[in-house]
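Have a look at it first, and then we'll take it piece by piece.

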Amino acid sequence: MRLKAILDCDPGHDDALAILLAAHHPALELLAITTVSGNQSVEKTSLNALKVCSLAHIFDVPVAKGMPQPLIRSARYAAEIHGESGLDGPALPDPLFSLVPTHAVDLMIDLFLHSADDITLIATGPLTNVAAAMRKEPAIIPRIAGITLMGGAIGIGNTTPASEFNIWVDPEAAAIVFESGCPLTMIPLEVTHKALATPSVFQRLTTAHKTITTFVYELLTFFADTYHTNFGFAAPPVHDPCAVAYLIDPTLVTTKLMHVDIETTGTWTAGRTVCDLYGQSTLPSNVNVGYTLDSGRFWDLMLDTLMTYD
Ligand code: BDR
Ligand code: CA
């Protein structure tokens with residue numbers, strides 16, 4: 001049986017890859033795409049989700065717009081990485097369909113409360129929608145089969161020295177989710193920095209001659225440029241599809257169960273995922289934390305799935 005999933009995202013170059021992987025891999029049944037403020041405003045990330053789905057002919061998955069800003073903080077975007085549109089680089093046609101009229105938070109609540117089957121949540125943006133849904137309807141918490149999220153770091157961050165972008169944008173939301181008691185898998189920077197789009201990945205995309213592979217090639221070309229400018233990376237890390245790939249094949253990522261706290265007040269460390277790697281506290285483990293990735297098999301999975309598009 002296919003695993004039912006909701007993808008909560010903020011497209012975003014790597015979120016676009018997460019959508020393409022989640023929508024076409026036979027192990028998953030994607031029930032909904034929900035969008036959140038993160039890489040760009042929620043208006044832009046929603047438009048981007050619709051455009052990517054339209055280009056890829058993903059017409060059977062509802063797309064719902066979510067929270068326009070973090071729970072208590074002002075919105076903060078990543079234009080230096082994803083551009084002013086949130087998905088700069090490839091020319092994308094206008095969407096061929098519209099958002100559903102339901103708010104993302106209400107759609108999530110409805111799906112978790114009323115589905116007869118287990119549903120897993122994949123989160124690849126700030127955790128604002130997820131926390132808002134948990135606060136609005138706590139009865140969903142025991143009904144969530146699990147949350148696999150891209151976010152955080154065991155070590156250094158990518159937005160501040162201490163913090164990774166998704167958690168840094170909305171630490172209060174992350175704290176609610178991490179303390180919820182839901183089975184949680186965190187795919188941190190230690191994992192995603194191994195999913196590098198190297199020249200051999202670009203080469204494999206070039207030989208495919210498909211609308212989708214051309215789109216991904218152009219997407220990654222822009223992403224490679226901003227990652228080189230901002231971080232000096234020789235090849236860009238495609239963070240978000242790692243969370244989807246883990247659900248499809250958990251053997252791709254090595255994980256360890258540990259206690260993780262979210263720093264919400266630190267002057268220099270707000271948004272830090274404080275990971276008790278060595279079990280130094282007496283606090284119970286609450287998160288399955290990834291720490292390495294089989295990048296060869298990850299790229300095989302990603303590229304093989306892209307080849308299934310027309
Ligand atoms: C995360 O931040 C965003 O810019 C990416 O889409 C990814 O979800 C990486 O830190
Ligand atoms: Ca993202």
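Cys9 is buried, with a relative accessible area of 0%. Keep in mind that this is a predicted model, with values computed from its atoms. So what about a bond to another cysteine? A disulfide is a covalent bond between the sulfur atoms of two cysteines. For Cys9, the closest cysteine sulfur belongs to Cys53, and at 8.2 Å that's too far for a bond. Cys182 is buried as well, with a relative accessible area of 4%. Cys182 is in no disulfide either, since the nearest cysteine sulfur, in Cys275, sits 18 Å away. Search the whole structure and you get 0 disulfides.

Now for the greasy parts. In soluble globular proteins, nonpolar side chains tend to be buried together. Here, the largest nonpolar core has 62 residues, and the members that touch the most others are Ile19, Leu20, Ile33, Val216, Leu220 and Phe298. Which helix gives the most to this core? That's helix α10, spanning residues 211–231, with 8 residues. Zoom in on Leu20 and, leaving out residues up to four places away in sequence, you'll find it touching Val52, Ala56, Ile58, Ile212, Phe215, Val216, Thr305, Leu306 and Tyr309. Apart from this core lies another one of 42 residues, and Ala64, Ile119, Ile140 and Met258 are among them.

Let's turn to charges. Side chains of opposite charge can pair when their charged atoms come close. The count of salt bridges in this model comes to 8. Take Lys136 and Asp106, whose side chains meet at 2.7 Å, N to O. Lys136 belongs to helix α5 (residues 128–136) and Asp106 to helix α4 (residues 104–114), so this pair ties together parts that are 30 residues apart in sequence. Are the two partners buried or exposed? Lys136 is exposed, at 53% relative accessible area, while Asp106 counts as partly exposed at 30%.

Another salt bridge joins Asp300 and Arg204, with their closest N and O atoms 2.8 Å apart. This one links distant parts of the chain: Asp300 is in helix α12 (residues 295–306) and Arg204 is in helix α9 (residues 199–206), 96 residues apart. Asp300 counts as partly exposed, with 33% relative accessibility, and Arg204 counts as partly exposed with 33% too.

Helix α12 also holds Arg297, which forms a salt bridge with Asp249, the closest N and O atoms being 3.0 Å apart. Asp249 lies in the loop between α11 (241–248) and β7 (253–258), so here the pair ties together parts 48 residues apart in sequence. Arg297 is partly exposed at 34%, and Asp249 is partly exposed at 22%.

Last stop: ligand 1. Which residues are around it? They are Asp14, Asp15, Asn39, His82, Thr124, Met150, Asn158, Glu164, Phe165, Asn166, His239 and Asp240. Look at Asp14, where a polar side-chain atom lies 2.7 Å from an oxygen atom of the ligand. Asp240 also takes part with its side chain, placing an N or O atom 2.6 Å from a ligand oxygen. With Thr124 the backbone is involved instead: one of its polar backbone atoms is 3.0 Å from an oxygen atom of ligand 1.

Terms used: Residues are numbered from 1 along each chain as its sequence is written. Chains are lettered from A and ligands numbered from 1 in the order in which they are written. This is a predicted model: local features need pLDDT of at least 70, side-chain atom pairs count only at pLDDT 80 or more; totals for chains, interfaces and linings use all residues. Side-chain values use heavy atoms; hydrogens and water are left out. A nonpolar core is a set of buried Ala, Val, Leu, Ile, Met, Phe, Trp, Tyr and Cys residues joined through side-chain atoms within 4.5 Å. Buried means under 20% relative accessible area, exposed over 50%, partly exposed in between (1.4 Å probe, protein chains only). Helices (H or I, at least four residues) and strands (E, at least two) are DSSP runs, numbered from the N terminus. Contact means heavy atoms within 4.5 Å. A salt bridge is a side-chain nitrogen of Lys or Arg within 4 Å of a carboxyl oxygen of Asp or Glu. A disulfide is a pair of cysteine sulfur atoms within 2.5 Å. A residue is near a molecule or strand if one of its heavy atoms lies within 4 Å of it. A polar contact is a pair of N or O atoms within 3.5 Å; within protein, one must be able to donate a hydrogen and the other to accept it, and residues adjacent in sequence count only if both atoms are side-chain atoms.
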